[in-house]
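The report below works through one protein chain, element by element, for a reader who has the coordinates open. Please keep the structure in view while reading.

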Amino acid sequence: MSMKTNTARNLLAAAVVLALLAPSGALAARIKDVASFSGVRTNQLVGYGLVVGLGGTGDKRGSDFTIQSIWNMLDKMGVRVDKRALRPANVAAVMVTAQMPAAARPGTKLDVTVSSLGDASSLLGGVLLMTPMKGVDGEIYGLAQGPVAVGGFSASGAAASATKNVTTVATIPGGANVERAVPFDFNNQQDLTINLGYPDFTTSMAIVKKINQALGGGFARATDASTVKLDIPEQSKGNLVPLMAVIENLEITPDNKARVVVDEKTGTVVVGLNVKLTRSAVTHGNLQILIQESADVSQPLPFAPLGAQTVVTPETNVAANEENRKLRMVEGATLQELVEGLNVLRATPRDLISILKTLKSAGALHADLEVI
């Protein structure tokens, strides 16, 4: 064994020890949890197939594409039938989807999701027939088949029905076999690209500093807020797995822009760690308006002239009630102080959304306000 090989292995071993013994902060996260690596990705597969064996819960007579699919399948098997005589009550046309890792090889098992395409009411008890799974290039990468597992049930009678969860979507654990691999050789890459999940210059530079410290050289460099380029050390070329095991377990402290996210549909408010609130005076009072409609019926008096009629007169009552609240001082230099300051207002989550919007407009809320 040459001295150069021993030196390379010792350097890589030292990097592993440094990565394992490095102190981890309270907010530290592994690089693998905040970023993805070039070549380490999943590929989407999709296929069209038939689920058979349903107890009358399949597609209805109007699903022409299901009938055509049944006829095509039987024709390929040498069975001649009249298309007009087919009844698809026990058959459902489905779309089959799966995610294939780049490292998957022929024989690898994949989990698949089966979703009804027609008007079937349930896939419970069905079996998916052999379905080719294609990639975005149109090539077949896998075959799916097997009994489907539905995470719910549906039962109905003449006057009532009961349903739990969704019965038109099912799964087949390990239901697809990979037949061909993605043409990609991970070990022969000349460099690696690390893509951050959330772009941030501070985080990308922290990753660069940590990798260079662990590998003992200037191998990593940041090209923008979300991309870090890594030159492969000479001793790791052709065998990137040990190098990746070191890099993905390095711990850094992610830094993100201050952000407040509100969901007006559910009244959810999420406040980030670095959000600051300048000292402000805030008051928030609810305005409640009540409108009541009634009808006043006017009857003709006794001995009224001929032709007198009963008249219905609408009557509307409007009442307004506005809460009278005092101004309160709120501020927050830390997340805890911010929460305590907003809680002083005793506002509901939906009221808090309005308050945060107003504080942002006034320039007192120092964070991005995102409404989803």
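## Helix α3

Helix α3 covers residues 64-76, and its 13 residues reach 18 Å from the first C-alpha to the last, close to the 18 Å expected at 1.5 Å a residue, where the expected span is 1.5 Å times one less than the number of residues. Helices (H or I, at least four residues) and strands (E, at least two) are DSSP runs, numbered from the N terminus. This is a predicted model, in which local features need pLDDT of at least 70 and side-chain atom pairs count only at pLDDT 80 or more, while totals for chains, interfaces and linings use all residues. Residues are numbered from 1 along each chain as its sequence is written, and side-chain values use heavy atoms, with hydrogens and water left out.

Which residues of α3 are buried? They are Thr66, Ile67, Ser69, Ile70 and Leu74, where buried means under 20% relative accessible area, exposed over 50%, and partly exposed in between (1.4 Å probe, protein chains only). Seen down the axis of α3, these buried residues fall within an arc of 160 degrees, so they line one face of the helix; the arc is that of the directions from the helix axis to the C-beta atoms. The buried residues of α3 pack against β3 and β4, with contact meaning heavy atoms within 4.5 Å, whereas Asp64 and Lys76 are exposed on the other side of α3. After α3 comes Gly78, whose phi is positive, near 85 degrees.

## The chain and its cores

The chain has seven helices and 22 strands, and 31% of its 372 residues count as buried. Among contacts between residues at least 6 apart in sequence, 69% join residues at least 24 apart.

A nonpolar core is a set of buried Ala, Val, Leu, Ile, Met, Phe, Trp, Tyr and Cys residues joined through side-chain atoms within 4.5 Å. The largest such core has 25 residues, of which Val96, Met100, Val114, Leu123, Leu128 and Val148 touch the most other members. Two or more residues of this core come from each of β3 (42-52), β4 (91-101), β5 (109-116), β6 (127-134), β7 (140-147) and β10 (169-178), and β4 gives the most, with five residues. Not counting residues up to four places away in sequence, Val114 touches a set of residues including Val51, Val96, Leu123, Leu128, Val148 and Ile172. A second, separate core of 22 residues includes Phe37, Leu215, Leu243 and Met244.

## The four-stranded sheet

Four strands form an open antiparallel sheet in the order β2-β11-β13-β12, where two strands pair if DSSP finds at least two bridges between them. The edge strands are β2 and β12 (220-224), each of which pairs on one side only, and the twist averages 25 degrees from one strand to the next. Strand β2 (residues 35-37) pairs with β11 (residues 191-196) over three bridges, with Ser36 opposite Asn195. Five bridges join β11 to β13 (residues 227-231), where Asn195 stands opposite Thr227, and four bridges join β12 to β13, with Val228 as the bridge partner of Ala222.

Helix α4 (residues 201-215) packs on this sheet, touching β11, β12 and β13, and its direction makes about 165 degrees with that of β12; axes are lines fitted to C-alpha atoms, for helices over the stretch in contact, and angles run from 0 to 180 degrees between N-to-C directions. Helix α5 lies across β2, β11 and β13, running at about 175 degrees to β2. The buried residues of α5 (residues 241-248) are Leu243, Met244, Val246 and Ile247, and they cover an arc of only 160 degrees around the axis, which puts them on the same side of α5.

Asp231 lies in strand β13 and, at 34% relative accessibility, counts as partly exposed. Not counting residues up to four places away in sequence, Asp231 touches Asp191, Phe219 and Arg221.

## The three-stranded sheet

Three strands form an open sheet with mixed pairing, in the order β16-β15-β22. Strands β16 (268-271) and β22 (368-371) stand at the edges, each with a single partner strand, so one side of each is left without a neighbour in the sheet. The twist averages 15 degrees from one strand to the next.

Strand β15 (residues 259-263) pairs with β16 in the antiparallel sense over four bridges, and Val269 in β16 is the bridge partner of Val262. Helix α7 (residues 349-362) packs on the sheet, touching β15, β16 and β22, and its direction makes about 135 degrees with that of β22.
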